[in-house]
Amino acid sequence: MYIENINNPGDVKKLNINELNSLAAEMREALLTKLSRHGGHFGPNLGMVEATIAMHYVFDSPRDKIVYDVSHQSYPHKMLTGRKDAFLYEEHYDDVSGYTNPSESEHDHFTVGHTSTSVSLACGLAKARDLKGEKGNVIAVIGDGSLSGGEALEGLDYAAELGGNLIILVNDNDMSIAENHGGLYKNLRELRESDGKADCNLFRAMGLDYIYVNDGNDIESLINAFSQVKDSMTPVAVHINTLKGKGYAPAEADKESWHYSGPFDIKTGKPVYTSDAEDYSGVTADYLLSKMKEDKTVVAITSGTPTVMGFTSDKRKQAGKQFVDVGIAEETAVALAAGIAAGGGKPVYGVYSTFVQRTFDQICQDMCINSNPATIVTFWGSVYGMTDITHLGLQDIPMMSNIPNLVFLAPTTKEEYLAMLDWSIDQTTYPVAIKLPGGPMVSDGKAVTKDWGRLNTYEVTQRGSRAAVIGLGTFYSLGTQAAKLIEEKTGVKPTVINPYYITGIDEKLLEDLKKDHDIVITLEDSILDGGFGEKISRFYGKTDIRTLNFGFRKEYLDRYDVNTVLEANHLTASQIADDVTALF
């Protein structure tokens, strides 16, 4: 096997074209085997095998710096830069992360997992090179889906101004995670269909030189193109037409489903692990489709991740114009929602918690200063969500709970969530965000009659004395478990409270607790600094009430074990009970 002898990019340069094609086949087979057992980003990596080989054949990494956008397509790069064992041998599968990572290799320059960043980052590297009077190529790799992000367009706009060497490799497979949306994709299609000769050319319009490669999975064509632009002293876009999921028929046929995959059977393509259990994504889509039929002003919005709220291809067709995908452009999604709300529509924007970071300004400015009654639903904002350092969902409470005018809600069950969502869509007073719980969805079948418009009114679900447990969202059930253990250990029955509201405190209830409580504890599925618990502690600051805030330390975690992190932060029922008991 050729791949077994590739220890660095220099080894790639020793192979002839036939050997390089054999290497590509071996790499694709290794990717297929690993991903079928381990899971990971599938389609983007299979489509980039040949381009990655050609880059390392022509360029001289790490002197020539390759910057990957999102890193969804960086697995082949890792295989050729000294990390092949993590793709060849199962016992080493977890030796590397799913994203570029400078701590792994000198061939990686940034830890990147959010989209549309590579051009701007590469511009920075190129500028630093020029300021220091150094030489070398800087290559930004970006997919067509990522071009819809504002930062990508900002980077392209600056690239021509930068001058000097900068190579932008546009990996165009005519797909984002799902299908592409937006006017620029009409131009990409024109360029593909005209072999790069269309008069209208996005990249030339930005002041860039331009080369097109129709077969972006042909190594020889790619080597020729990269050789032309190597050491170029003007910024240039190399636009390559690739096939997402190349080499695996199910992935070529259904590019959306195979963007990312859990473990699967290679022969059938069927997942190894399946579940028929309801989840918040499916519940959200079903609810919104029903609501859309009743009210033509209801619209669901996504920024390139439609299945985050359950809108699979068939459900998108059912929704028609009441479903909008703005592409990977979270800022536009929130601003669009604010505009729809201002115009009398009823927008619901569904987004992974980690990506809310990308649109903080629009939430503050466009939604909340203007009090536009749009709804944001955040998914996977939990220790039980994604665990890669670039995709953590533990920052949304301190980030969003301190924005004026925003009502930020934390349901604990399916029933509470749907009641909140229904209220939020129909009310016309507040911008609203709903933080979905982490872990399996809980459904207790209980009817919810609460008036969510009576802001910051908590619910006492168990009346006790001396100690009060306030469990927010995901950790409400942890609070009930801890309360039970506290009673077993001390004989004192604690009060248990479901607070619902993240952005405000129930001063009347908290004041009432002073009468017969000595200790108040808070639990939240987020970073503690600037979060929910601190609001409670601040309320009791001048009193004799002792407060304990349970949540997560402010730190970046990476590929963590959930139970280990919970224990390290004293977030098990027994640890909480012991901490409270020690104060009695």
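Trainee: Which residue of strand 6 stands opposite Asp209?

Mentor: The model is predicted, so keep that in mind for each answer. Strand 5 covers 209-213, and strand 6 covers residues 236-241. The two strands run parallel and are joined by five bridges. In strand 6, the residue opposite Asp209 is Val236.

Trainee: In what order do the strands of the open sheet with five strands come?

Mentor: The pairing in this sheet is parallel. Strand 2 (65-68) and strand 5 (209-213) each pair on one side only, as edge strands. With neighbouring strands turned by 20° against each other on average, direction ignored, the order is 2-3-4-6-5.

Trainee: Which strands does helix 9 touch?

Mentor: Helix 9 spans residues 184-193 and packs on the sheet. Its direction makes about 75° with that of strand 6. The strands touched by helix 9 are strand 4, strand 5 and strand 6.

Trainee: What is the phi of Asp231?

Mentor: Asp231 lies in the loop between helix 11 (219-229) and strand 6. With a relative accessible area of 49%, Asp231 is partly exposed. Most residues other than glycine have a negative phi. Asp231 is not a glycine, yet its phi is positive, at about 65°.

Trainee: Which peptide bond is cis, with omega near 10°?

Mentor: Most peptide bonds are trans. The place to look is the loop between helix 4 (49-58) and strand 2, where Pro62 is found. The cis bond runs from Ser61 to Pro62.

Trainee: How far apart in space are Arg37 and Asp265, C-alpha to C-alpha?

Mentor: Arg37 is in helix 2 (residues 17-38), and it counts as partly exposed because its relative accessibility is 47%. Leaving out residues up to four places away in sequence, Arg37 touches Glu90, Tyr93 and Pro263. Arg37 and Asp265 are 228 residues apart in sequence, but in space the distance is 8.3 Å.

Trainee: Over which ring does the charged end of Lys34 sit?

Mentor: For a charge to sit over a ring, NZ of Lys has to be within 6 Å of the ring centre. The charged end of Lys34 is 4.2 Å from the centre of the ring in question. That ring belongs to Phe87.

Trainee: Which residues are linked into a cluster by ring pairs?

Mentor: Two rings pair if their centres lie within 6.5 Å. The count by this rule is 19 aromatic pairs. The cluster is made of Phe42, Tyr248, Trp258 and Phe264.

Trainee: Which are the edge strands of the open sheet with six strands?

Mentor: The order is 9-8-10-11-13-12, and the pairing is parallel. An edge strand pairs on one side only. The edge strands are strand 9 (323-325) and strand 12 (407-409).

Trainee: What is the bridge partner of Ala300 in strand 9?

Mentor: Strand 8 covers residues 298-302. Strand 8 and strand 9 pair in the parallel sense over three bridges. The partner of Ala300 is Phe323.

Trainee: At what angle does helix 15 run to strand 10?

Mentor: Helix 13 (residues 280-294) lies across strand 8, strand 10 (346-352) and strand 11 (375-379), running at about 145° to strand 8. Helix 15 (residues 330-342) lies across strand 8, strand 9, strand 10 and strand 11. Its angle to strand 10 is about 160°.

Trainee: Which residues of helix 17 are buried?

Mentor: Helix 17 covers residues 360-369 and is followed by Ser371, whose phi is positive, near 50°. Its buried residues pack against helix 15, helix 16 (353-356), strand 11 and helix 18 (396-400). They are Gln362, Ile363, Cys364, Met367 and Cys368.

Conventions: Residues numbered from 1 in each chain as written. Predicted model: local features only at pLDDT ≥ 70, side-chain atom pairs only at ≥ 80, totals over all residues. Heavy atoms only, no water. Helix = DSSP H or I, 4+ residues; strand = E, 2+ residues; numbered from the N terminus. Buried < 20%, exposed > 50% of the residue type's maximum accessible area, 1.4 Å probe, protein only. Contact = heavy atoms within 4.5 Å. Phe/Tyr/Trp six-rings, centres within 6.5 Å; stacked < 30°, edge-to-face > 60°. Lys NZ or Arg CZ within 6 Å of the ring centre and 35° of its normal. Pairing = 2+ DSSP bridges. Axes fitted to C-alpha atoms, helices over the stretch in contact; angles between N-to-C directions.
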